[in-house]
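Hello,

Please have a look at it first, then read on.

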Amino acid sequence: MIEVRNVTKKFRDKKRSVTALNHVDFMVSEGEVAGLLGENGAGKTTLLRIIATLLQPTEGDVHVAGYSTIKEAKQIKRKIGVLFGGETGLYDRLTGKENLEYFAMLYGMSRHETKVAIDDLAVKFGMKDYLNRKIGGYSKGMRQKVAIARTVIHDPDIILLDEPTTGLDITSSNVFRQFIHQLKRQGKTIIFSSHIMEEIQMLCDSVMMIHKGQVVYQGDLEQLYDEENSKDLNFIFMSKLARGVSL
Amino acid sequence: MIWKMYKKEMTDALRDRRTLLLTAFLPILMLSGLVFFYESLLVPNTHESYTIAVPAALDKQESKIFSDQLHFTVFPDPKEAVNQGHAKAALIFDGSLNGLDHGNKKLTATIYGDSLSQDASAAMTQLTSDLERYKEEIVAQKLSSKDIDKDVLNPIQINKEELSSNKGNAASITALSIFLPMMIALSIAIGGLPAASDMFAGEKERQTMEALLMSPVSRGKILTAKWLAISTMGVISGFIAVAVTVVEIMFLTEFLKLAFNNNDQIPVIIGASIIMITLFALLIGAVLMVISIIAKSVKETQSYSSPIMILPVLPVLFLSSVGVNELSITYFMTPVVNLYALIKEMLYGIVDIPHMLITFGTTGLCVIIALLLSRILFLKDKWILSK
């Protein structure tokens, strides 16, 4: 479903060239939930941006659902939903509903489809009470729920989530985790970046560890526990970074 | 799709208090202040009175020489009185004015004052004029007593004939030809700025740009919708500027409104102004868009935009001293300057179609260039993705 082949990404500054990703290779199968682990600046966001067609690789190629991210970006965009970390990517002066309607329109959804999708998401995330209020007055958790709803409004087959639970309270995080389980049951392919190891353990089938632009591990979570003789993902992650070797 | 995106951008922009403030309220405030400032420049100083410091009181006959505007007050040190701000000017004679009627041949009158002050300068001019008139009377009397025609002292009579057809309202038209285009240009730039900075730099900051670029809509369509929304805000601001200016001038001024008298080209002026405001707003919209794409934040956009805000005022320096018949084709070919040149011509009642077409054409060409540049930038990830 997602195939990343020998991808290198270099950013040219005024004086120097920075290698954000260095010959990255990995694959995520259909219906798989893959966790992406790495320190800040490891290259997680760059990798997700390349898969999302927002950036082009300097070397190598990426195929999503059989389409090339370079040549067939438009087809890929219809099939994926992306939520980047940090800001929620919503318009403060529009209501939650207007935000969702706007993005549904961008994805070419009809009015009826949009209404059904919004009603469904409003129930799933418990947003009914505040969806007609402007985003500017929302709490962080409310914003994040609308942002997630925006990401999946067009029912994408592939979902890329960059630290989606950052700043969420426990209740909102739980609602979100339940939603990921639901998406998993529907057979969606998900790449999920997070700092929270428990979340990765709880939600993901496989894990990808990235360090200084290089993948230091990719594989099944259970297999990793067996290999490392530990079920403490935090410990495994730290020891892998310390060793800095790829398996 | 572009229309729907444009509608969303307009809704978003019109809900922003800062945008509304800069698009509507600020131009109204600026314009009102400037209308009254320019009106005050045109009001003749006939009703103004000035205090003149003198060392000794003038007698009745001496007082008759001077205009009623001048009020003479005795100060022990008249020069010091002017320096202290108690009087606008000081007048000191080295003898008696009446003495000139009684055989004295010469009298020196010294006027003291700060000519950099408008009031002091007006008082000094009035004093000089009154004394010159009195001097001519004395000379005429003395020549007459010796049977000599007074014209012997004026062998050449100089006459000036005004050729301008706007004799009565020339000053009003001149003031308005500087003021009106400056306000239109400034209002369009100020009106478009908040929307421009919010729609690119702001969206990069809030990461809505990434969400937008992730949609299957082409970047060209996104850019067009945003450009039209920014330009619309500029057009709204420009039209508010014109409407407020015209209404305030017509109903609240006495002298500025003379600029509209005897102008039978009003429908053409309105039509050309609509085209000009729209084209200029499209140009400024595209330029502001380029700046906002390059800037990393709203704050940075505002810093980069400062020179753009000065640009609309610059033509005043080139055009304020140029007569309407001296406006060469270069003025109509130069962007921004052509806005001033065209409005000046139209206010003088001149409708020159080639000049209009050149103005519209060159502005349109600049719009295309700025738009192409913004498109090139918008297609590059380096400029539109947040770090």
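A crossing of two helices is called left-handed if the near helix is turned anticlockwise from the far one by less than a right angle, and right-handed if clockwise. Helices (H or I, at least four residues) and strands (E, at least two) are DSSP runs, numbered from the N terminus. This is a predicted model, where local features need pLDDT of at least 70, side-chain atom pairs count only at pLDDT 80 or more, and totals for chains, interfaces and linings use all residues. Residues are numbered from 1 along each chain as its sequence is written, with chains lettered from A and ligands numbered from 1 in the order in which they are written.

In chain B, helix H8 (residues 219-252) passes helix H14 (residues 353-378) with axes that come within 10 Å and cross at roughly 130° (axes are lines fitted to C-alpha atoms, for helices over the stretch in contact, and angles run from 0 to 180 degrees between N-to-C directions). The crossing of H8(B) past H14(B) is right-handed. H8(B) contributes B:Arg219, B:Gly220, B:Leu223 and B:Trp227 to the contact, and H14(B) contributes B:Leu371, B:Ser374, B:Arg375 and B:Phe378 (contact means C-beta atoms, placed from the backbone, within 7 Å).

Chain A has an open, mixed sheet of six strands, in the order E6-E7-E8-E3-E9-E10. Strands E6 (80-83) and E10 (214-220) of chain A are at the edges with a single partner strand each, so one side of each has no neighbour in the sheet. From one strand to the next, the twist averages 15°. E7 (residues 158-162) and E8 (residues 189-193) of chain A pair in the parallel sense over five bridges (pairing needs at least two DSSP bridges), and A:Leu161 stands opposite A:Phe192 in E8(A).

Best wishes

Technical notes. Contact = placed C-beta atoms within 7 Å.
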